Amino acid sequence: YGEALLSRYVAAAESAGATVHVHRVSQMQFDPVLHHGYAKIQPLEPDLRTLQRDIERAAHVAVFTPLWWGGVPAGLKGLFDRAFLPQWAFRVPDSGLPIRLLKGRSARMVLTMDSPRWWYWGMYRGSAHGALVQATLKFVGLKPVKITPLYGVGHATATQRQRWLAKLEAIGKQDATRARATGRRLQATDETDKMTPAALKAPRT
């Protein structure tokens with residue numbers, strides 16, 4: 001279902017005139033582990049260099065991901081660890097306050113989960129919102145970051161799923177219209193295509 005959401009969003013954005021580049025994390029070839037932290041340079045694989053190039057040219061970045069053990073899947077987390085590097089995504093001067101190097105781009109997070117809304121906010125305290133939106137996307141300068149959470153996906157009726165598809169279609173058109181106004185591209189990164197219906201029913205943690 002995550003792939004269907006992404007496809008509807010991309011098709012709507014393209015129909016509104018946006019140029020969209022999709023990077024499927026599960027199909028990218030890269031080591032998700034930052035083995036030496038920032039102490040030693042770890043050369044970027046071609047797929048990560050392409051991702052960086054597309055983000056540099058983008059007006060808008062959309063991230064599609066399921067909630068996985070209260071956060072995002074390891075592959076997506078590894079992508080941020082490897083690609084969002086100092087001197088490219090941010091810089092920390094002697095003052096200690098980060099300089100955000102990816103300013104001038106907006107973003108959207110589409111977050112799917114089996115958990116109901118009350119569980120995600122009551123038990124997890126909106127964990128993915130803090131880690132992905134505040135501590136990652138906004139940290140590097142993406143602004144505004146709009147959030148589209150879809151709760152209870154694994155238990156949703158066919159009617160509800162169709163409503164969500166229509167919602168993503170409308171959102172895709174809106175994001176594309178804003179992106180076109182800048183004359184730049186729309187960038188989509190997803191961790192949805194490897195998630196099977198069974199996998200979406202992972203235990204809540």
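Modeller: Helices are DSSP runs (H or I, at least four residues), numbered from the N terminus, and an axis is a line fitted to C-alpha atoms, for helices over the stretch in contact, with angles running from 0 to 180 degrees between N-to-C directions. The model is predicted, with local features needing pLDDT of at least 70 and side-chain atom pairs 80 or more, while totals for chains, interfaces and linings use all residues. Residues are numbered from 1 along each chain as its sequence is written, and side-chain values use heavy atoms, without hydrogens and water.

The axes of α1 (residues 2-15) and α6 (residues 158-180) come within 7 Å and cross at roughly 35°. This crossing is right-handed, that is, the near helix is turned clockwise from the far one by less than a right angle. In contact (heavy atoms within 4.5 Å), α1 brings residues including L5, R8 and Y9, which meet a set in α6 that includes W164, L168 and E169. The residues of this contact divide into 11 nonpolar, 2 polar and 4 charged, where Ala, Val, Leu, Ile, Met, Phe, Trp, Tyr, Cys and Pro count as nonpolar, Asp, Glu, Lys and Arg as charged, and the others, Gly among them, as polar.

A pocket is an open set of points on a 1 Å grid over the protein atoms alone, where a 1.4 Å probe fits, with protein on both sides within 12 Å along at least five of seven lines, and lining residues have an atom within 4 Å of a point. Of the 15 residues lining the largest pocket, K77, F80, D81, A131 and T136 are closest to its centre. Helix α5 gives the most to this lining, with 5 residues, and the lining has 11 nonpolar, 2 polar and 2 charged residues.

Notes: Helix = DSSP H or I, 4+ residues; strand = E, 2+ residues; numbered from the N terminus.
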